[in-house]
Amino acid sequence: MALKILDTCINCDMCEPECPNKAIFMGEEIYEIDPNRCTECVGHYDNPTCISVCPIRCITVDPNHQETLDQLAEKYVRLTS
Ligand code: SF4
Ligand code: SF4
């Protein structure tokens, strides 16, 4: 499933440049994740890199965007083709 950024985000700018899919962008108040571009880093890394770099751990799974590993892999192919 795509990930989401909680409203506790402190806009530290760490995650946005690290996303290999350019899925992270500055929203109206905090950074947000585009569910159409987030693959949970499938195709790039073993684990979501944005979670690894966030100093306050405010990035989590988004239950509103449930996807299987196959669907995430298909999204990766679509984004890179
Ligand atoms: Fe980007 Fe990966 Fe984070 Fe999704 S999990 S927003 S693809 S860094
Ligand atoms: Fe917000 Fe975490 Fe991204 Fe920093 S790394 S901008 S705190 S989501």
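Modeller: Helices (H or I, at least four residues) and strands (E, at least two) are DSSP runs, numbered from the N terminus. Cys-41 lies in the loop between E3 and H1. This is a predicted model: local features need pLDDT of at least 70, side-chain atom pairs count only at pLDDT 80 or more, and totals for chains, interfaces and linings use all residues. Residues are numbered from 1 along each chain as its sequence is written, chains are lettered from A and ligands numbered from 1 in the order in which they are written, and side-chain values use heavy atoms, without hydrogens and water.

Colleague: In what order do the elements of the chain run?

Modeller: From the N terminus, β-β-β-α-β-α. The radius of gyration is 12 Å, close to the 12 Å of the globule rule for 81 residues, so the chain is as compact as a globular protein of that length. That radius is taken over C-alpha atoms, and the rule is 2.2 Å times the number of residues to the power 0.38. The C-alpha trace spans about 30 × 25 × 20 Å along its principal axes.

Colleague: Is Cys-41 buried or exposed?

Modeller: Buried means under 20% relative accessible area, exposed over 50%, partly exposed in between (1.4 Å probe, protein chains only). Cys-41 has 7% relative accessibility, so it counts as buried. Its phi is near 70°, a positive value in a residue other than glycine. Glu-40 also has a positive phi, about 60°, and is not a glycine. Glu-40 sits in the loop between strand E3 (31-33) and helix H1 (49-53). It is partly exposed, at 23%. Across the chain, buried residues make up 33% of the 81 residues.

Colleague: Which residues are closest to ligand 1?

Modeller: Count a residue as near if one of its heavy atoms lies within 4 Å of the molecule. Ligand 1 has 13 such residues around it, the closest being Cys-19, Asn-21, Cys-38, Cys-41 and Cys-50.

Colleague: And which are closest to ligand 2?

Modeller: Cys-9, Cys-12, Cys-15, Tyr-31 and Cys-54, among 14 residues that surround ligand 2.

Colleague: What joins the side chains of Asp-13 and Tyr-31?

Modeller: A polar contact is a pair of N or O atoms within 3.5 Å; within protein, one must be able to donate a hydrogen and the other to accept it, and residues adjacent in sequence count only if both atoms are side-chain atoms. Here the polar contact is 2.6 Å. Asp-13 lies in the loop between strand E1 (3-5) and strand E2 (24-26). Asp-13 is partly exposed, with a relative accessible area of 43%. Its C-alpha atom is 9.1 Å from that of Met-26, 13 residues apart along the chain.
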